[in-house]
Amino acid sequence: MNSCSLRFRQIHLDYHTSPAIPDLGKRFDRARWQKCLQDAAVDSITLFSKCHHGWSYHPTRVGQMHPGLSFDLLRAQYDACKEIGLNVPIYLSAGLDNLASYEHPEWREIAADGAYAGGCRSPLEPGFHKMDFLSPYLDYLCRQIEEVVNLFPDCDGIFLDIVGQYPGCSRWALDFMAKAGLNPRLEADRQRCAEAALTRYYEETNAAARARRADMPVFHNSGHITRGRRDLLVYQSHLELESLPTGGWGYDHFPEGASYAAQLGLSYLGMTGKFHTTWGEFGGLKHPNALRYECAAMLAFGARCSIGDQLHPDAELDASTYEIVGAAYRDVRAKEPWCRDAEPGAQFGVLSSEAEHPETRRRNVPDTGVARVLLEEHQLFQFIDRDSDFGRYDVIVVPDDIRIDQHLETKISAHLARDGKLVLSGQSGLREDLSGFAFDLGAEWHGESAFTPDYVLPAAELRPEFVHTPFVLYPRSQRLRATTGRSLGEVFDPYFNRTLEHFCSHQHAPARREPSGYDAGVLHGNILYFAHPVFSAYRRHGQVICRQFVGACLRRLLKGETWIETNLPSTARVTMTHQAAQRRWIVHLLYATTVNRGGPVAAGGGNTEMSGQSIEVIEELIPLHDVRLSVRIPEHVARITLEPQGAALAFEPHAGRVEMTVPRFECHQMVVLHTRC
C-alpha cells in the first residue's frame with residue numbers, strides 16, 4: 001500500500017473567498033509571510049488553488065481566477081514557502097463548486113425528491129453547492145487538477161475536499177442506472193450508483209493528480225475515515241483525521257479515529273483548528289492551552305499535527321493565530337525525536353461496529369462507548385475491522401451489536417486457539433440466525449429479556465466500592481445462566497415495564513428484591529461476556545458505575561497482565577508507542593480539564609458537525625502530581641527518562657513489570673523506557 005512521509009507541524013490554510021470581496025492579496029508581503037510561519041515553527045502549509053466558491057487563486061485556462069485578484073497569489077505564497085524549506089501541498093475543492101454550479105446547474109446533485117442534494121437544498125439558501133461526479137463536472141475538475149500539477153510539479157501533494165456522492169436522481173445518475181440495470185426507485189440501487197460514481201471519481205482524479213509525477217501524494221477528504229472500507233485506502237497516499245474538538249467532534253473523537261488509522265499501514269496526521277468553533281470562523285481563537293493539548297494528543301496517538309486556519313482575503317496571516325500556533329508547534333518540535341517512526345501499541349483490538357454496520361457511519365454508539373470506557377480505564381486499544389490481523393492483540397473486543405458469521409467465527413476461533421482473549425456484550429457473539437452463541441460461554445442462553453431497564457448487582461469482587469445494591473442498566477439484556485462459567489453478578493427484574501396499564505413514578509419501576517435467576521455476564525476461560533450492551537449503555541448514559549464494573553471485569557480477564565496500570569484520573573489519557581530502531585518505548589501521559597461552554601450552536605455553510613451542540617473547551621491546564629505507573633513490556637528496561645527534559649526517573653522492577661512515579665506533569669509528559677544503556 002502506498003504511503004508517504006508527513007511533516008509534524010502543518011497548517012491547513014482555508015481560503016474560501018466570496019467574489020463580492022475586492023482587492024484579494026493586497027496585504028501579502030513575502031518577508032512578513034515567511035517570518036510569521038518561521039516564528040510559529042510551521043514546516044508544511046496547504047495552500048489553495050480552488051475554493052468552495054469555485055474560484056482559482058492563480059491564472060488558469062480551465063477555471064476562472066477570482067475577480068478580486070489581480071496577480072498570481074498561489075505562486076507568490078508557494079515560492080515564499082519553498083524558499084524557507086516548507087512543504088506545500090495544494091488544495092482543490094472537489095465536491096463543492098458554486099461557480100461551476102451557476103454556469104452548469106445541471107451538474108448539481110439532485111435528491112430523489114427533486115431537491116438539490118448536499119449543502120444548500122434551496123436556491124434561496126446561502127452556502128455551497130454539491131456537484132455530481134457522474135456529470136461532466138468530473139472532467140472539469142480533473143482538468144483543473146492536471147493544470148495545477150503542471151504549474152507546480154514539485155508541490156508536496158494534492159488535497160481534494162468534500163469527497164462524497166449522494167444516492168440521488170440527477171439526469172446523470174438516472175442514465176447510469178438505466179444502463180446498469182438498476183432501479184432508481186430503490187434506495188439500495190441508488191446507493192450502488194453512488195458507489196460507482198465515487199469509484200470513477202477516485203480513479204480519474206488520482207490519474208489527473210499523477211499525470212506529471214507518479215509519486216504525487218493525494219488525499220481525498222470526506223471528514224471521516226470510514227471503518228471497514230479498506231478498498232478506498234488504495235486511493236490515499238496518507239490519511240488526515242479531521243477532528244475539531246470545539247467544532248462538534250469533542251475531545252474523545254480524535255483518539256477513536258486515530259486508533260483505527262494506526263493499524264492501516266498508512267501515515268496519518270491529526271487535523272484540528274485554531275477556531276473557537278469550527279471551519280469558516282473569522283476572528284475565532286481558541287485558548288493556547290487547548291491547542292497545546294490537542295497537538296500533544298496527536299503525538300500521543302501516533303499522528304503528525306495539522307492546524308486549520310482561514311486566511312483573510314487580503315492574504316495577511318493573523319498575528320494572534322500564529323502566536324497561538326507557535327506555542328503549540330515549538331512544543332511539538334522539541335518532542336519530535338521521540339515521535340518519529342513510533343508505532344502505537346495496543347493490548348485490545350476492538351472490532352468496529354461501524355465497520356460491520358456501515359449505515360451508522362459517524363454516529364456509531366457502541367464504538368464511541370467502548371472507546372470511552374477504554375480511554376477512561378487507561379487500557380491501550382485500536383479499532384480494527386474484520387480484515388485486520390487479530391493476532392496483534394492480546395484481547396479482541398466485539399461490542400454490543402455484532403453477530404457472528406462464518407468469517408468472524410473462523411478468525412475469532414483461531415485467536416482463541418492462540419490463547420487470545422475475547423470480550424463480548426449484548427447481542428455480540430450470537431450467530432447471525434440467532435440460534436445461539438458461536439462460542440462456548442460456559443452458560444445457557446435463554447433469549448432476550450422482556451424487561452427494560454433491569455438491574456445488576458455485580459459479584460462482590462467486581463463491584464465499585466460504593467455499590468452494595470443493584471444498579472439500573474437501561475438497554476435490554478440477554479438472558480443468561482452460568483453453568484461452567486463464573487457469573488459476573490445477578491440481574492434483578494423490575495416489577496413491570498412502563499405501560500399505560502401499569503407504571504411507577506417518573507421513569508421506571510423499581511427492582512424486585514429477589515434476583516431474576518439470570519446472570520449479568522460470565523467469565524469462562526479466556527472469554528468475558530456481558531449480558532447487557534454495556535458500551536452503548538455507557539455512551540448513552542455515562543454511568544460511572546457501569547464503566548467501573550466493566551473495567552473490573554476486564555482486569556479480571558487479564559489476570560494482572562495489563563500493559564499499563566496507573567492512578568491517573570479517568571479524565572487523563574495514557575498511550576504507549578514503540579521506536580524499534582532506537583530500542584525504546586514511550587508512555588505518553590495527557591491531562592486537561594474540558595468543560596462545556598455556551599449554548600447550542602447552529603453552524604451554517606455545511607458545518608453540520610456542531611449544530612445544536614454546546615462547545616467543549618480547554619482553558620486551564622492543571623498539573624498532576626505523584627503519578628504512579630506500572631508498565632509491562634517484552635524487553636528488559638535499562639533506564640527511564642522524562643522527555644524532552646532529559647531527566648532520569650527512578651524505577652523498580654517487580655514481577656515482570658517496571659514501576660515508577662512521575663513527580664509532576666502538566667498537559668503532556670513522555671516517559672521513555674530505554675531497553676539498552
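Start by selecting glutamine 310: its relative accessibility is 9%, so it counts as buried, because buried means under 20%. Keep in mind as you click around that this is a predicted model.

Now show the strand around it: glutamine 310 belongs to β8, residues 304-310. Which residues does glutamine 310 touch? Leaving out residues up to four places away in sequence, you'll find Leu13, Asp14, His16, Phe275, Gly280, Glu281 and Phe282. Zoom in on glycine 280, whose backbone oxygen sits 3.4 Å from a polar atom of the glutamine 310 side chain.

Next, select helix α7, residues 253-261. Seven of its nine residues are buried, so the helix is largely enclosed by the rest of the structure. Among those buried residues are Phe254 and Tyr260. Colour what they pack against: β6 (239-242), β7 (268-273), α8 (288-300), α11 (365-376) and β11 (381-384).

Time for some charged pairs. Pick glutamate 354 and arginine 227, whose side chains form a salt bridge (3.8 Å, N to O). This pair joins distant parts of the chain, 127 residues apart: glutamate 354 is in helix α10, and arginine 227 is in the loop between β5 and β6. Both glutamate 354 and arginine 227 are buried.

Then jump to arginine 431 and glutamate 409, another salt bridge, with the closest N and O atoms 2.8 Å apart. Arginine 431 lies in the loop between β13 and β14 and glutamate 409 in helix α12, so the pair ties together parts 22 residues apart in sequence. Here arginine 431 is partly exposed, at 27%, while glutamate 409 is buried, at 17%.

Last stop: select Arg9, Asp43, Glu336 and Arg340, which are linked in a salt-bridge network.

Notes:
Residues are numbered from 1 along each chain as its sequence is written. This is a predicted model: local features need pLDDT of at least 70, side-chain atom pairs count only at pLDDT 80 or more; totals for chains, interfaces and linings use all residues. Side-chain values use heavy atoms; hydrogens and water are left out. Helices (H or I, at least four residues) and strands (E, at least two) are DSSP runs, numbered from the N terminus. Buried means under 20% relative accessible area, exposed over 50%, partly exposed in between (1.4 Å probe, protein chains only). A polar contact is a pair of N or O atoms within 3.5 Å; within protein, one must be able to donate a hydrogen and the other to accept it, and residues adjacent in sequence count only if both atoms are side-chain atoms. Contact means heavy atoms within 4.5 Å. A salt bridge is a side-chain nitrogen of Lys or Arg within 4 Å of a carboxyl oxygen of Asp or Glu.
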